[in-house]
Amino acid sequence: MSATPPPPLGETARFKLEVVRASLDRALPCTLDLYRVLDRSIVRDVIRYLDDALILARELYVGRNLDLGRVIIALDLARDVALALDRDLGGALVLLLDRDHTRDRDLSQALDPSPGGDIFVDLHRDNRQELVERVKAALARMVELETYLSAEGKVAGSSRERSNVAVSRAAARVAAWSVRVLPSADRPRYDEEFRRELQDLADTDAGRRAQFRHAVRLLNRAVSLRRAVMKARSRRAVS
Amino acid sequence: MGKGKDPPVPRMTQATQLVLRALLAEPTHEFYGLQICEAAGLPSGTIHPILARLEGLGWLESRWEEIDPAEEGRPRRRYYRLTDDGAENARITLAQAGTRTTTQGGLRPRPAGGAA
């Protein structure tokens, strides 16, 4: 890591770093899933997570002069391997379909990537291994950066924005997104209710991660809540 | 004479049952969202749609905490409480849900005397 201390981070930058980390946390289990089933859609999910992480990491690198260089390089390498695997899988499928289709056994083995589909699986064993290693390396670089930033923060004292903010702004922002999904008539109520929940969590010394997780769970079920409030309203209108 | 329509009942998912059981533990008590999460063992994202459905059916009523947010410097809590009808409906529905669970699983009870 750079010897120069990083500039103080605002909540937006911290939120973006959390999303980079969250994207990597989602990518790794997907890459491990590829050992269970070699599915092109899983590879594409990995590419999507790596893309999400790269976009934000590059924004932070340019905008904040954060020492994200090693993270970005690791993400780029992982993404290259994922793209290559995606191309290979597409190519392999086309190649196999061009073969003699009367050889049903070979074709079914090739299209079935589960154990027993030896032809298909062995072609990509090395690529999968490399992808897992690259994603793990990117995650390791991210963890190093987080450790470095939190250590610098402790040394630099309380000059950062968030030291006086009880509720994580990142969590508040995510909770606000979940409110936007709701019908406009219900937004003021749930906005206040969700903000109070985050405040209650902050008051019980729940960390920023716990508040963020809480907010993400609200966002995950926002559509379900929208359906429920709309149904309740239509029921009241009828009765 | 036409039969009266049965009042609508929420879908008795596991999560809904857990929320109702948590509320029925103290049926006259007012709970706020995080308390219900803790009592039911469910995340907040899960409970809010359930609370909205129950409120829409008239099983729950809710109100704001009586504070001035500007003065207190914090948002208000939303408190939820079972209505009288809601408490009764909840007990009946949970009992029915429990009965369905036990009869679907094991052997059907048979009358004594060997009749099939």
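Start with polar contacts. Between chain A and chain B there are 10 residue pairs in polar contact, counting pairs where both residues are at pLDDT 80 or more. That cut-off matters here, since this is a predicted model.

Which helices of chain A each supply at least two residues to the side that touches chain B? They are α8 (187-203), α9 (208-220) and α10 (222-238). The largest share comes from α8(A), with 12 residues. By class, that side of chain A holds 11 charged residues, eight nonpolar and three polar.

Now the contact as a whole. Chain A brings 22 residues and chain B brings 26. Together the two chains bury about 2100 Å². Carbon and sulfur atoms account for 56% of that area. Three residues stand out on the chain A side: R189(A), E192(A) and R196(A). They supply 31% of the area that chain A buries against chain B, more than any other three residues.

Next, charge pairing. How many salt bridges does the rule find across the interface of chain A and chain B? Five. Here is a pair to look at on the screen: E55(B) with R189(A). Their side chains meet in a salt bridge, at 3.3 Å from N to O.

Let me step over to another arginine, R128(A). R128(A) sits in helix α6 of chain A, residues 125-156. Buried or exposed, and on what grounds? R128(A) counts as buried, because its relative accessible area is 4%, and the cut-off for buried is under 20%. What does its side chain reach? The backbone oxygen of L34(A), at 3.1 Å.

Last, chain B on its own. Chain B has five helices and three strands. Along the sequence, the order reads α-β-α-α-β-α-β-α. Chain B is 116 residues long, and 42% of them count as buried. The accessible surface of chain B is about 7200 Å². Carbon and sulfur atoms make up 49% of that surface.

One more number, on contacts within chain B. Take those with a separation of 6 or more. Residues 24 or more positions apart account for 55% of them.

To wrap up, keep two pictures in mind. One is α8(A), with the largest share of the side of chain A that touches chain B. The other is R128(A), buried at 4% relative accessible area.

Methods
Residues numbered from 1 in each chain as written. Chains lettered and ligands numbered in written order. Predicted model: local features only at pLDDT ≥ 70, side-chain atom pairs only at ≥ 80, totals over all residues. Heavy atoms only, no water. Contact = heavy atoms within 4.5 Å. Buried area = accessible area lost by both parts, 1.4 Å probe. Salt bridge = Lys/Arg side-chain N within 4 Å of Asp/Glu carboxyl O. Polar contact = N/O pair within 3.5 Å; in protein donor to acceptor, adjacent residues only side chain to side chain. Helix = DSSP H or I, 4+ residues; strand = E, 2+ residues; numbered from the N terminus. Nonpolar A, V, L, I, M, F, W, Y, C, P; charged D, E, K, R; others polar. Buried < 20%, exposed > 50% of the residue type's maximum accessible area, 1.4 Å probe, protein only. Areas by Shrake-Rupley, 256 points an atom, 1.4 Å probe, with all protein chains shown as cover.
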